[in-house]
Amino acid sequence: MFKKVLVANRGEIALRVIRACKELGIQTVAICSEADASSLHVRAADEKVCVGPADAALSYRNIPNVLSAAEITGADAIHPGYGFLSENAHFAEVCESIGVKFIGPSSEHIALLGDKAKAREIVAGRGLPVTPGSPGELKSEQGALEAADKVGYPVIIKASAGGGGRGMRVVNKAEDLARAFQAAQAEAKTTFGNDAVYLERYFLEPRHIEVQIVADHRGHVVHLGERDCSIQRRHQKLLEETPSPAVNEKLRREICRVAVEAVKAVHYRNVGTVEFLLDKDHNFFFMEVNTRIQVEHAITEMVTGIDLIKEQIRLADGHSLSFKQQDIKLNGHSLECRINAEDPEKFTPCPGMITKYSAPGGFGVRVDSAMESNMMVVPFYDSMIAKIITHGRDRQESIARMRRALDEFVIEGIKTTIPLHKRILNDPDFQKGHVSTSFLERFLTS
Amino acid sequence: MSKRASNKSKKNKKPVIVSQAVASTQSGEGSPLLSGQQTKQIQELIDLLKKNSLTEMEIEREGLRIRVRYETGQRTMMATVQDPGMSVSSPASYAPATTGTLIEDTTGMITIASPIVGTFYRSPSPDADPYVEEGDYVKKGQVLCIVEAMKLMNEIESEMNGRITKILAESTKPVEYGQSLFLIDPTATS
């Protein structure tokens, strides 16, 4: 097993990884920017190295400094968390070349699956359902027009190297396609440094369903059920649950089988997430594979009892999976609310000093956070400051628990998304499980 | 040993300069500078709290949020001010803790901090003399030390003329970004 792991991240996920390492008896190194020098994740680790100024490009994403930190502390592996360097194929490759284990898939897998158009082609080539769209990258306006005619309007143009809702354009009719194609190409070029775009049918009010998979170097792949991440704002997830109220046993078997086949097609290893769209008629389509641990991994841990971070570390260390598919039992229901330092109505970031912080607790409540009283929420990074995860025997119980936990949570000094979550949980449509990715829009304008 | 001496791939890096004056203004609680009128408004809020025996008050107007808290038990007062425009344009107001150690009785001294993460060496090879000793006069552009990062020797140069009053890091030991390496007295001339 690794002796010392450097955690190349900050906030709650850095703390999450440090905690897993402690349970495995592994020493930990935290990195921080100057803005985070007194953060909880820094104090929780055995050693710390400041790797740069507040600007993440010069600190958390600064490859030479992060690798030097691993070198001077003698770390034998790096856990990238999510965001920052977690899906940077170049970083994973440099780690491999200097003999520091990157805790995640190989650099080839990150590069291959990071190219969304290519990933679609591979999955479609296996006869698996992908969203109807252009076979690969769109080469010209004419090609875009032909592809759009074939799949039918509305269509969405996406950047091949994209993600996080950037570089997307929805087109309702053929007249608008040429301009949207050029705009999407230009935006893809400036945002991702690569102007490749593709298009697919744009579904109205779909659900976002994703499947957690774990894979070892021997080619064993196990799925850990689905997560429903339909509650989003600006293509960013806000509330997630598992199991999905829209997925029955038959659909679960089918969608999870497709997810396993998709990652087997590329001989993927370590943990990953296969994302699907589910339309109103319960047809599902492959969208993409995320090659990292995700923010919402905790709800899967609650219903399966599997510590995904520890599993990730073991897999990176060359161990085989410690369980088989038939060992996995999905137990009860779990819900996650992301608490962001944001205005709950306008979604504008709200950094500042947290004057009082008191987290909820009790049976079935888990809070993953690196916040505490008298802590500054700095304006340089992501606005998520805590995740509340509840677990219950069924959906009704985990919702009731979440409402109770949100009531207990005290965060003073800044605005958070807590009031918004309370409104969502009180909504009759949400309680019945009738949601889609446009739920929040509808909800907020009402 | 000879590893360092034989490595020809030398790169010059600009050191991070943190002057004493800047460091001391940054060592506060991170509140951006307030206009005279804002200070007056905050004082009025505090008076209002006291008069009405309130403990906390928050006012938001045109993107400026002021929150005042008055705790009678501890006799402490705290005001935090959030102005989105202001906090974006002055990120330096969040004081880096690594420069906090500078505040000694070394008035007028300038700190040379490491611009990268790596291993600190005072000499070009183990057998060679150190680049500089305490008390030496140095010129702008003169090499003060090496910070080795990823098998590259990065020479750290002085940004000014002056006298080395203190060497703060130990040779062959790791240094982090922003760690203080030297104190220089810029007023001293040879």
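This short talk covers the overall build of chain A, one of its helices, and its aromatic pairs.

The model is predicted, so local features need pLDDT of at least 70 and side-chain atom pairs count only at pLDDT 80 or more, while totals for chains, interfaces and linings use all residues. Residues are numbered from 1 along each chain as its sequence is written, chains are lettered from A and ligands numbered from 1 in the order written, and side-chain values use heavy atoms, without hydrogens or water.

Overall build, then. Chain A has 15 helices and 20 strands; these are DSSP runs, H or I of at least four residues for helices and E of at least two for strands, numbered from the N terminus. For 446 residues, a compact globule would have a radius of gyration near 22 Å, and the 21 Å of chain A agrees. That radius is taken over C-alpha atoms, and the rule is 2.2 Å times the number of residues to the power 0.38. In chain A, 60% of the 446 residues count as buried, meaning under 20% relative accessible area, with exposed over 50% and partly exposed in between (1.4 Å probe, protein chains only).

Next, helix H12 of chain A, residues 395-408. The buried residues in H12(A) are A:Arg395, A:Ser398, A:Ile399, A:Arg401, A:Met402, A:Ala405 and A:Leu406. They cover an arc of only 160° around the axis, which puts them on the same side of H12(A); the arc is that of the directions from the helix axis to the C-beta atoms. An α-helix has 3.6 residues a turn, so residues three or four places apart point the same way. On the face turned away from the buried side sit the exposed A:Gln396 and A:Asp407.

Last, the rings. The whole structure has 10 aromatic pairs over all chains. Phe, Tyr and Trp rings (six-membered for Trp) pair with centres within 6.5 Å; planes under 30 degrees apart are stacked, over 60 edge-to-face, the rest tilted. A:Phe203 and A:Phe285 have ring centres 5.0 Å apart and planes at 25°, so the pair is stacked. A:Phe203 lies in the loop between strands S8 and S9 and A:Phe285 in strand S13, so the pair ties together parts 82 residues apart in sequence. A:Phe380 and A:Tyr381 are edge-to-face, at 5.9 Å and 70°.
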